[in-house]
Amino acid sequence: MIYINNIPNSINPLRGLGGLLPLFLILMTSCGMVNEDLEPCAPKANVFTTIKYSYDYNMLNTDLVNEHVGTIHLYVFDKNETFVFDSVATRTMMTGRDVDFTMTFDTTRFKSGEKYYVLAMAQGNHAGYEASLETPGFQIPVEHEMEPGVSKISDYRIKLDRDDDSYADFGIINYKDAYGNNREMMDTLFCTKPDFVQEINVPTIEYIPNAKKLPDVYGEPVTLPLMRITNALTVNVVHDSFNADTDKDYFNIVVEFPYGNGTIDFTGTVYPQQKLYYRSLRKEMVQYQQKQNGAQYDAESPGSSSTEPQAYNNTRAAQYAIKATFGLSRLQPADGSSLQIRNSQTNEIIAQIGDINGVSFSQWLADYFKTYYDDQQFLDREYDFTVDIHLDENSIPTWIQVGCSILGWGKRIHFYDL
């Protein structure tokens, strides 16, 4: 009797066939097998994740993202808080409110069943928008380049150093207008509202046997609230001896941050760097007329330091002033900041606001306009301040006037004799 298992493997056809049987059975049951009697595999469903943006962390509590934002940069992190990818949406329709920064991603970017964290950074422009500022080459001012699969969410820090002597610090954008004139436009930065790291859980789509087509799934849109982290400041230095021919560099006007104000992280924490001096982005000699709107100081206005109304001196004739325009980093009550007017020849400080008796320039602004917000909320919600300082013929300060715009909707003015 001959036993099959005694036949050498090299000439045992049944043994070789037995090894192929499992593979053959798999192929027979595969949906890829050409067999008209089998149902085709259902195509995989797509899960769409939509992200929108808002800017209502302002004095109006109104969403003004379309009016104030020009470019949005999204950063995506996985469940382990590791950077995955980023995406940019630019302002493509220059028609006022017809701007949509909505970002929609399919499962090639946001995997179904996975959890993600998202942060955003945005660029705006204080002086409005022009087609030339579509910013396809917008450089994102993060302190360190975010590397997919390596960088962590704790590495996400935005540069706030906007000193005007370095292009990389985003203090000045230089370009020519339609008439060929060089113009200096102030850059504006937004970030996701501090301590608001949005978590996204992408739904898992279950496989349905014999389904012809699985429906696409659109999750509820996720909205990221943005907060402005830069400020605009206009300083008018009025001097009794100024005229139209006065050199605009008669005084040096600077804002000093002695502790620095280098970067801000996803929690809203500002990290100091070396001392910073912010010089004006623009400085010009202008004819100055003291503001007449609201000609009497309102004694009941929040932040007043007087119990009696003080009238504006409306009899002052038009004078000339050095107008200095600043783009500042995030203001904080205890940042030690000060506004300084210096003699351009000797560098002597002629007048200074802030960093006196422990009160910073930022705190001084907040004290002038006390609201139902705390000081930090007020400084974050407001952003456009004006300070007018009058100097007599001996360069001694005699009066000061402070104003802030409510996102371009008007001015609130406070006036004080010194």
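Is Lys283 buried or exposed at 16% relative accessibility? Lys283 counts as buried, where buried means under 20% relative accessible area, exposed over 50%, and partly exposed in between (1.4 Å probe, protein chains only). The model is predicted: local features need pLDDT of at least 70, side-chain atom pairs count only at pLDDT 80 or more, and totals for chains, interfaces and linings use all residues. Residues are numbered from 1 along each chain as its sequence is written, and side-chain values use heavy atoms, with hydrogens and water left out.

Start with the charged pairs. Side chains of opposite charge can pair when their charged atoms come close. A salt bridge here is a side-chain nitrogen of Lys or Arg within 4 Å of a carboxyl oxygen of Asp or Glu. That rule gives three salt bridges.

One of them joins Lys283 to Asp249, at 3.2 Å from N to O. Lys283 sits in strand β18 (residues 282–288), while Asp249 belongs to the loop between β13 (230–239) and β14 (251–257), so the contact ties together parts 34 residues apart in sequence. Helices (H or I, at least four residues) and strands (E, at least two) are DSSP runs, numbered from the N terminus.

Strand β14 itself supplies Glu256. Glu256 forms a salt bridge with Lys275, and their closest N and O atoms are 3.6 Å apart. Lys275 lies in the loop between β16 (270–271) and β17 (276–279). The pair links distant parts of the chain, 19 residues apart. Glu256 is buried, with a relative accessible area of 7%. Lys275 is partly exposed, at 42%.

Next comes Asp380 with Arg330. Their closest N and O atoms are 2.7 Å apart in a salt bridge. Asp380 is in helix α4 (residues 375–381) and Arg330 in the loop between β19 (319–329) and β20 (338–343), so this pair ties together parts 50 residues apart in sequence. Both Asp380 and Arg330 are buried.

Now turn to a sheet. Strands of a sheet pair through backbone hydrogen bonds, either parallel or antiparallel. Two strands count as paired if DSSP finds at least two bridges between them. Here three strands form an open sheet, ordered β6-β15-β16, with antiparallel pairing. β6 (157–159) and β16 are the edges; each has a single partner strand, so one side of each is left without a neighbour in the sheet. Between β6 and β15 (residues 263–265) there are three bridges. Ile158 has Ile264 in β15 as its bridge partner.
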